[in-house]
Amino acid sequence: MELVAIFISAVLIQNFVLYYFLGICPFLGVSKKIDSAFSMGLAVTFVMSITAVVSWLINNLILIPYGLDYLQIVSFILVIASLVQLVEMFIRKISPPLYQALGIYLPLITTNCAIMGLALIAALNEYSFVETVVFGFGSGIGFTLAIILMAGIREQLDLADVPEPLKGAGIALIVAGIMALAFNGFIGMLT
Amino acid sequence: MTDVLIPVITMTALGFLFSVGLVFAYKKLKVEEDPKIEKVSEMLPQANCGACGFSGCRAFAEAVVKGSAEPNGCPVGGEEVAQNVADILGVHAGEIIKRVARVHCRGTHSAAINRGFYLGISTCYASHLVGGNKQCSFGCLGFGDCVRACLFDAMHMGEEGLPIVRGEKCTACGKCVDACPRNILELHPLTQNILVYCRSEDRGPLARKGCKNSCIACGICVRACPEAIVLEKNLAIITDYKKIDPEKIPEIEKCPTDAIGRLRKDDDG
């Protein structure tokens, strides 16, 4: 039951983009088309899941036993950077068009605060290994959900008559704000 | 001392572990890419205008290297780029005929009659939807959609209300041709100095009423040079300018409305 709660919380309630406001950069940058938004979501989900696992291992097997908690941030950065490199190579090999579509946002997952936030929040909450896996995967799904919803809305917005000063980033931020409000409504689910 | 050593050793070990992992992954996942693609891509203008028929300069570079496009396929880069690309690939560049966009209308403010005032959105496209403000329904609308479409600063709106193309700046990318709702612009070889400056398919008297410089399909030019000029839908059309004998040009320029003839100075600003 605890695991289900963590999963639902990560996907809907404490959604990384819409609750913590982490990872806004790709959320706004790659949400113009549903296709590339979906791929970006998958890439982030992959990185998040693996990061959660590897950072848990490092944190609990190396850092905490030797009293090196203060190295958390540095070592997590190392994990994230390596994993993003790996994903980048992988996507370039598997699908060059996708590689082109994601463009600069793919290496930017490295500096995506959502990934770092995930590792730190998991460490802060002292999740067990299984809980961390569920939390990491759920957070990725939450990010994917948010970015796909955003892309769907923005595809529709292309056809709408948006006032001139709000075109582009302006209307995107307003939409993101309204979406965050809507997701905040889920808070009542877990009490 | 150990307080310093332990974290340093830990981080070094971790870093080493990950780098070894990445090296192996790189060996497994390396993408073999033809280095020529990068080189050709560097040669191109990077305007990503799409005039070559591909989605961008990068796509064109890939196609050239693969052999599905000719080195001279980039109209914007012209001869120089074609030569550079051909050098990289080690093939012959092929001949490039420099083309430029030409305006096929002489419906200036003084020549064309207005049938009313158009006060709507000031683009040719919008104006065209309601028929424009000129009597002639084939002529230039004069709102400069083509000028705005030009990526290379080769066009401007003349004082007479017609767009003017600067031949030396025009790259024949065709953006203006697409932008014009009335198909006034067309790409021609730079060497072609004789053109029909009218698109009107109205019958003679009607065309004449709308614009002093319209083609009235009198046939003088066709009689002067029947092998290269024909009449089609009340409009003279040059089928092949190379067949026009230079000696016959004065004959052709007897056109009573100036709708056909050599380029004037102010046609190429």
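This is a predicted model: local features need pLDDT of at least 70, side-chain atom pairs count only at pLDDT 80 or more; totals for chains, interfaces and linings use all residues.
Mentor: Let's start with a term: two residues are in contact if their C-beta atoms, placed from the backbone, lie within 7 Å. Residues are numbered from 1 along each chain as its sequence is written, while chains are lettered from A and ligands numbered from 1 in the order in which they are written.

Trainee: How many residues of chain B are in contact with chain A?

Mentor: By that 7 Å criterion, 13 residues of chain B touch 15 residues of chain A.

Trainee: What makes α4(A) oblique to α6(A)?

Mentor: The axes of helix α4 (residues 72–94) of chain A and helix α6 (residues 113–124) of chain A cross at roughly 135° and come within 10 Å. Angles under 35 degrees count as roughly parallel, over 145 as roughly antiparallel, 65 to 115 as roughly perpendicular and the rest as oblique, so α4(A) is oblique to α6(A).

Trainee: Which residues of α4(A) and α6(A) meet there?

Mentor: Gln72(A), Phe76(A) and Ile80(A) of α4(A) meet residues of α6(A), among them Ile115(A) and Leu120(A).

Trainee: Which helix of chain A has the lowest confidence, and which the highest?

Mentor: Helix α5 (residues 96–102) of chain A is lowest, at a mean of 76, and helix α7 (residues 129–157) of chain A is highest, at 92. Chain A averages a pLDDT of 86, and 99% of the residues score at least 70.

How values were computed: pLDDT is the predictor's confidence in each residue, from 0 to 100. Helices (H or I, at least four residues) and strands (E, at least two) are DSSP runs, numbered from the N terminus. Axes are lines fitted to C-alpha atoms, for helices over the stretch in contact, and angles run from 0 to 180 degrees between N-to-C directions.
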